[in-house]
Amino acid sequence: MSEKELRKSMSVFPIGTVIKLTDLSARQIRYYEAQKLVTPKRTDGNQRTYSLNDVDRLLEVKDWLKAGYDMAGIRSIYQEKSATTTIQWEEHRLTDNDVRRLFYDDILSESRLGATTPFKRS
DNA sequence: TTTCTAACA
DNA sequence: TGTTAGTA
């Protein structure tokens, strides 16, 4: 893993900063952590500290939600293991972009309708 | 002041 | 998900 990636994985900001960066509520951010969508580190007084990668992941989660995914669906998208190598990380990005491209039209139509119309299969 | 956990009018 | 209570 390059130094640049190490920095992206470095947990540095508190939840307050993440809220501003993602426009998600603290409630949602903590809930997504419980769903294993992000894994912030804990510091001093049990405070959560997020990395750039965590913020990026949260922003992607917002896209999945807009595309109509539910927690279970998003959870299945990222079922990565503890050891995330550089190559696996890159592949993960490509996969995300491909899927996002697939739902591009859906996301646009959702925006036009102004309302969220969840579509899930069983 | 900010964040944390737990719980619910 | 929002929001509130009582802490650290």
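Tutor: Some ground rules before we start. This is a predicted model, in which local features need pLDDT of at least 70, side-chain atom pairs count only at pLDDT 80 or more, and totals for chains, interfaces and linings use all residues. Residues are numbered from 1 along each chain as its sequence is written, chains are lettered from A and ligands numbered from 1 in the order in which they are written, and side-chain values use heavy atoms, with hydrogens and water left out.

Student: In what order do the elements of chain A run from the N terminus on?

Tutor: Helices (H or I, at least four residues) and strands (E, at least two) are DSSP runs, numbered from the N terminus. Chain A has 7 helices and 2 strands. Written out from the N terminus, the order is α-α-α-β-β-α-α-α-α.

Student: Is T22 buried or exposed?

Tutor: T22 sits in helix α2, and its side chain reaches the backbone oxygen of V18 at 2.8 Å. Leaving out residues up to four places away in sequence, T22 touches I29, V55, L58, L59 and K62, where contact means heavy atoms within 4.5 Å. Its relative accessibility is 0%, so T22 counts as buried.

Student: How many salt bridges does a search of the whole structure find?

Tutor: Side chains of opposite charge can pair when their charged atoms come close. A salt bridge here is a side-chain nitrogen of Lys or Arg within 4 Å of a carboxyl oxygen of Asp or Glu. Across the whole structure, the number found is 4.

Student: How far apart are the closest N and O atoms of R7 and E3?

Tutor: R7 and E3 both lie in helix α1 (residues 3-8), 4 residues apart, which is about one turn of the helix. R7 is partly exposed at 48% relative accessibility, while E3 is exposed at 51%. The two form a salt bridge, and their closest N and O atoms are apart by 2.5 Å.

Student: Which residues do salt bridges that share partners join into one network?

Tutor: E33, buried at 16% relative accessibility, forms a salt bridge with R42, the closest N and O atoms being 3.8 Å apart. R48 also forms a salt bridge with E33, at 2.5 Å between the closest N and O atoms. R48 lies in strand β2 (residues 48-49) and E33 in helix α3, so this pair ties together parts that are 15 residues apart in sequence. The network made by these shared partners is E33, R42 and R48.

Student: Which element gives the largest share of the surface near DNA strand C?

Tutor: Near means that one of a residue's heavy atoms lies within 4 Å of the molecule or strand. DNA strand C is surrounded by S25, R27, Q28, Y32 and L65, and sugar and phosphate account for 35% of its atoms that come within 4 Å of the protein. The largest share of that surface, 3 residues, comes from helix α3 (residues 26-34).

Student: How far does a polar side-chain atom of S25 lie from a phosphate oxygen of DNA strand C?

Tutor: Polar contacts are pairs of N or O atoms within 3.5 Å; within protein, one must be able to donate a hydrogen and the other to accept it, and residues adjacent in sequence count only if both atoms are side-chain atoms. Polar side-chain atoms of Q28 and Y32 lie 2.8 Å and 3.0 Å from a phosphate oxygen of DNA strand C. For S25, the distance is 2.5 Å.

Student: Which elements give two or more residues to the surface near DNA strand B?

Tutor: DNA strand B is surrounded by P14, I15, G16, R27, R30, R42, N46, Q47 and R48, and 92% of its atoms within 4 Å of the protein belong to sugar or phosphate. The elements giving two or more residues are α2 (15-22) and α3.

How values were computed. Buried means under 20% relative accessible area, exposed over 50%, partly exposed in between (1.4 Å probe, protein chains only).
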